[in-house]
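Please look over the sequence and the structure before reading on.

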Amino acid sequence: MLPLLYNSNTTPQKFFDNNGLGFIKNSTKCIASEERNGKYELDLEVLTSDRLSSCIVPGMFVKAKANPHDDPQIFEIYQTSADDKKITAKGRHLRYIAYGNAFRTLYDAGAGVARAATPQEIFNDILTSNGVYPTMLLFDNNFELYSDIETENYVHVGKQRIVRFGEFIQGLKGSMLDVFGGEFRFDNFRIELLKNRGSDTGIAVRYGSNISSYHQDSDISTVYTHLMPYAVLPLVLHDQDGDKSTLGERTLYSLSPIELGNTPLTYKRALPYDFSDKFTEEHDHIHISTYDYTWLNESELLDKLQTEAEKYIRENQAALTDRSVNITIDVAATLNTLRNCHLCDTVKVCFEPLGFTTNAKIIKTEYDCLNERYTKLELGTVKKNIADLFDGKNIGGA
């Protein structure tokens, strides 16, 4: 498909009911690349002889076929360079416009108006501007927000400060992605946070068969044998008159590190992990009495800490214990085998010389929009990303 060019002031419906300024006919390169929960961009090269070449400037929009499955996607040009022969342009998916909107978030457990909610309930609050997000614009509310995740939780972003929508749903500790997990899918004006974006394809790729080269990064710096959960909680003093005051904080530790299962390490390595944000209710505080200074609910809190840690391990076992595998596939025959795969689909990787077999996700795609075929796929064992797992969690110790 030839890319289409649209004016910077194109209204949402106009992207779909007409061809804008028309097709860019002298395009020599048009590659869309997307990463799992990451970048979604377009690289475009156009000969200066093209009739639309003078219109290819930042702020304009390009619509191009970005993968084998979705309708053509819209990208906003944000950077261009030119010489006497060609114009090179870089574009970002339409979702970045939504991500750039700013609002004052009160959706925080420490803000006094928070409530545990599902991702869809949070999205609905954003779109209806119910007072929680008084300045959220979302491109005149032309974006759709959807999630199939049904669990309820608190989103800890902002502490009543200004944040961007992209930070709120994906970019910061305590964001929706950090709290709920999942995988994002973007389809023009529709943003989805899904439990799982891809599926198990049943396809196997093998060295010497349909993989001609193989590269494995072995790194044990983020591989652990045990998890040491802890939480820093307020100490609340109740006097004989029923009044209470906060005395300070107490760090609550697991009674013993939780074993993560079989890992390729001879010696034990424990990851300290802060679960303080899971203890937000008044009954989760540590209460003491003026009479005997007895911890009134420490055993219950330790049980909750254990439960939260075990849940975290179930959801992130591979990220904590597996070595990383990254394979870049750019061989035409193998790409043809995987031509019907989606980003986030799972394939089996077999490297028989090392006796190594694992499941790997498609974590990055590069798609030739002009010839409508993959030019590169990256397979990897996903660590959520590892930066998302451990950012701000005090890896080195409490």
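**Side-chain contacts in the predicted model**

The side chain of Arg36 makes a polar contact with the side chain of Glu183, at 2.8 Å. The model is a predicted one, and a search of the whole structure finds 11 salt bridges and 14 aromatic pairs.

**Arg36 and its setting**

- Arg36 is found in the loop that runs between β3 (27–35) and β4 (40–47).
- Arg36 counts as buried because its relative accessibility is 13%, which is under the 20% limit for that class.

- Arg197 and Glu34 meet through their side chains in a salt bridge, with an N to O distance of 2.9 Å.
- This pair links distant parts of the chain, since Arg197 belongs to the loop between β12 (190–194) and β13 (200–206) while Glu34 belongs to strand β3, 163 residues apart.
- Arg197 and Glu34 are both buried.

**A network of salt bridges**

- Salt bridges link Asp70, Glu144, Arg185, Arg190 and Glu192 into a network.
- Glu192 counts as buried, because its relative accessibility is 8%, whereas Arg190 is partly exposed, with a relative accessible area of 24%.

**Aromatic pairs**

- A pair of aromatic rings is described by two values, the distance of the centres and the angle of the planes.
- Among the 14 aromatic pairs found in the whole structure, the rings of Phe16 and Phe189 have their centres 6.3 Å apart and their planes at 65°, so this pair is edge-to-face.
- Phe16 lies in helix α1 (residues 14–17) and Phe189 in the loop between β11 (183–187) and β12, so the pair ties together parts of the chain that are 173 residues apart in sequence.
- Phe16 is partly exposed, with a relative accessible area of 44%, whereas Phe189 counts as buried, at 7% relative accessibility.
- The rings of Tyr273 and Phe275 have their centres 5.0 Å apart and their planes at 55°, so this pair is tilted.
- Tyr273 is buried, with a relative accessible area of 5%, and Phe275 is buried as well, with a relative accessible area of 2%.
- Ring pairs also link Tyr6, Phe15, Phe16, Phe61, Phe143 and Phe189 into a cluster, so that Phe16 and Phe189, described above as an edge-to-face pair, are both members of this cluster.

**Arginines over tyrosine rings**

- Arg92 lies over the face of Tyr96, at a distance of 5.7 Å from the ring centre.
- Arg95 lies over the face of Tyr99, at a distance of 4.7 Å from the ring centre.

Terms used: Residues are numbered from 1 along each chain as its sequence is written. This is a predicted model: local features need pLDDT of at least 70, side-chain atom pairs count only at pLDDT 80 or more; totals for chains, interfaces and linings use all residues. Side-chain values use heavy atoms; hydrogens and water are left out. Helices (H or I, at least four residues) and strands (E, at least two) are DSSP runs, numbered from the N terminus. Buried means under 20% relative accessible area, exposed over 50%, partly exposed in between (1.4 Å probe, protein chains only). A polar contact is a pair of N or O atoms within 3.5 Å; within protein, one must be able to donate a hydrogen and the other to accept it, and residues adjacent in sequence count only if both atoms are side-chain atoms. A salt bridge is a side-chain nitrogen of Lys or Arg within 4 Å of a carboxyl oxygen of Asp or Glu. Rings of Phe, Tyr and Trp (its six-membered ring) pair if their centres lie within 6.5 Å; planes under 30 degrees apart count as stacked, over 60 as edge-to-face and the rest as tilted. A charge sits over a ring if NZ of Lys or CZ of Arg is within 6 Å of the ring centre and within 35 degrees of the ring normal.
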